[in-house]
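Please keep the sequence and the structure in view while reading.

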There are 2 protein chains.
Amino acid sequence: MRCGRAGPRDRRGGCGKLGAMQDAPNTQDRLELQLDFILEIDRLKSVLRQTPLADGSRLENSAEHSWHLALMAVLLAEYADAPVDLLRVIKMILVHDLVEIDAGDTYCYDEQACRDKARRERAAADRIFRLLPAGQREEIRLLWEEFEQRLTPEARFANALDRLQPALLNFQTQGRAWRSHGVKLEQVRRRMAPIADASARLWGHVRTMLEEAADRGYLGR
Amino acid sequence: MRCGRAGPRDRRGGCGKLGAMQDAPNTQDRLELQLDFILEIDRLKSVLRQTPLADGSRLENSAEHSWHLALMAVLLAEYADAPVDLLRVIKMILVHDLVEIDAGDTYCYDEQACRDKARRERAAADRIFRLLPAGQREEIRLLWEEFEQRLTPEARFANALDRLQPALLNFQTQGRAWRSHGVKLEQVRRRMAPIADASARLWGHVRTMLEEAADRGYLGR
């Protein structure tokens, strides 16, 4: 079996590695590393969240969730209270859930699971981002950390969208996930509150929507 | 039942519209339109492509595919032969498949289906982008048209990734979709050729990978 330079991504160490070694005995080719990473992160499509799709047909996965957020960033950037670098917001959104490939999705109202979430996600970041070539490894890691820390206007806006989106889907499905987990209005309001740090307009919308959800019985009081 | 200003997105005309009308009798609130659009495009998560996930567990959908491409753009932009505005590339990628909500995914090797693809997708664009408020409607439509026309460096690079990604997934799954549709090397090479207009490096990789795929029987000769 011939192994070309641009051989297959074989995680069990096959032609890909062998192929690269023909060029550079000690280092794997940069593009090879990037393509291996691109195949590795395909696994995010199999990480299920607690949020249903808008039509209630199944649970959402973290990859399609990330797409939805990224496009929301394009559409709703005008409501950010502080000026934001949209490219940076979108990059953060695209990578913010990658750690779930190892750490899984932690339901935000599951207090038990939230206790060691940071530790699990940090270990995941250590493994996953290290798969990238030098330079890119640090860039992507910093984007993830910026998102987690919520200190910049970009991180605050990206986080706001990450909270708004499941609320929209939950409302649309008559509180599907909220009801199945017995979540209360006050819990959701606390979870959503950081939206206020990014956008008064979006926060106003969410506050009204949550009241309405409680009135309709989608959420407990 | 009380209907707040920021009421639910009810496609059958419910509180959302009524709520907006309390503020502005003749026009729906801009944010309401954007949030309705955001719920409408959730349907892209249910549009299945012919490409399998990397682990072969199921077919990929167009929303998670778009996320994958957008992150590939971040990681592989360095291989674009002409300088590209990365934000523009990513925006194009995020919207490029929205028309499939109405038109469905057309398999690129299905000659019959490809005949009226342009007509079906144009009708879809007319309906879907018109849901957006003024200004944004035109912006998103232009991004989609730019992607389709492949005339700018950004559109060429976005298109290159849209071709590279399914090839990677097909190779990784021993030619799953290629074999099940009896696709030949020459067909795939023709389909992939526009990658050469965007990136000599990526095209070199793909050419070698396709040869290898044929050698291994993932693709017919």
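## Model and fold

The structure is a predicted model. Chain A contains 12 helices and two strands. Along the sequence, these elements of chain A follow the order α-α-β-β-α-α-α-α-α-α-α-α-α-α.

Chain A has 221 residues, of which 47% are buried. Among contacts in chain A with a separation of 6 or more, 62% join residues 24 or more positions apart.

## Relation of the two chains

The surfaces used by the copies agree with one another in the following way. Of the interface residues of chain A, 98% are also interface residues in chain B, so the copies meet through the same surface.

## The interface

The contact draws 51 residues from chain A and 50 residues from chain B. On the side of chain A that touches chain B, at least two residues each come from helix 2 (30–40), strand 2 (59–61), helix 3 (62–76), helix 4 (86–95), helix 9 (153–172) and helix 12 (200–216) of chain A. Helix 3 of chain A gives the most to this side, with 11 residues.

Sorted by class, the side of chain A that touches chain B holds 26 nonpolar, 13 polar and 12 charged residues.

## The nonpolar core

In soluble globular proteins, nonpolar side chains tend to be buried together. The largest nonpolar core of this model has 128 residues. Within this core, Ala70(A), Ala73(A), Ala70(B) and Ala73(B) touch the most other members.

Which residues surround Ala73(B), leaving aside its neighbours within four places in sequence? Ala73(B) is in contact with Leu86(B), Val89(B), Ile90(B), Ile93(B), Ala158(B) and Leu161(B).

## Helix 7 of chain B

Helix 7 of chain B covers residues 117–129, 13 residues in number. From its first C-alpha to its last, helix 7 of chain B reaches 18 Å, close to the 18 Å expected at 1.5 Å a residue.

The buried residues of helix 7 of chain B are Glu121(B), Ala125(B), Ile128(B) and Phe129(B). Seen down the helix axis, these buried residues fall within an arc of 80°, so they line one face of helix 7 of chain B. Their cover includes helix 5 (100–103) and helix 8 (136–149) of chain B. The face turned away from the buried side of helix 7 of chain B carries the exposed residues Arg119(B), Asp126(B) and Arg127(B).

## Arg150 in both chains

Most residues other than glycine have a negative phi. Arg150(A), although not a glycine, has a positive phi of about 55°. Arg150(A) lies in the loop between helix 8 (136–149) and helix 9 of chain A. Arg150(A) counts as partly exposed because it has 16 C-beta neighbours inside 10 Å, a number between the limits of 12 or fewer for exposed and 20 or more for buried.

In chain B, phi of Arg150(B) is near 55°, again a positive value in a residue other than glycine. Arg150(B) is found in the loop between helix 8 and helix 9 (153–172) of chain B. With 16 C-beta neighbours inside 10 Å, Arg150(B) counts as partly exposed.

Definitions and conventions:
Residues are numbered from 1 along each chain as its sequence is written. Chains are lettered from A and ligands numbered from 1 in the order in which they are written. This is a predicted model: local features need pLDDT of at least 70, side-chain atom pairs count only at pLDDT 80 or more; totals for chains, interfaces and linings use all residues. Two residues are in contact if their C-beta atoms, placed from the backbone, lie within 7 Å. Helices (H or I, at least four residues) and strands (E, at least two) are DSSP runs, numbered from the N terminus. Ala, Val, Leu, Ile, Met, Phe, Trp, Tyr, Cys and Pro count as nonpolar, Asp, Glu, Lys and Arg as charged, and the others, Gly among them, as polar. A nonpolar core is a set of buried Ala, Val, Leu, Ile, Met, Phe, Trp, Tyr and Cys residues joined through C-beta atoms within 7 Å. The expected span of a helix is 1.5 Å times one less than its number of residues. The arc is that of the directions from the helix axis to the C-beta atoms.
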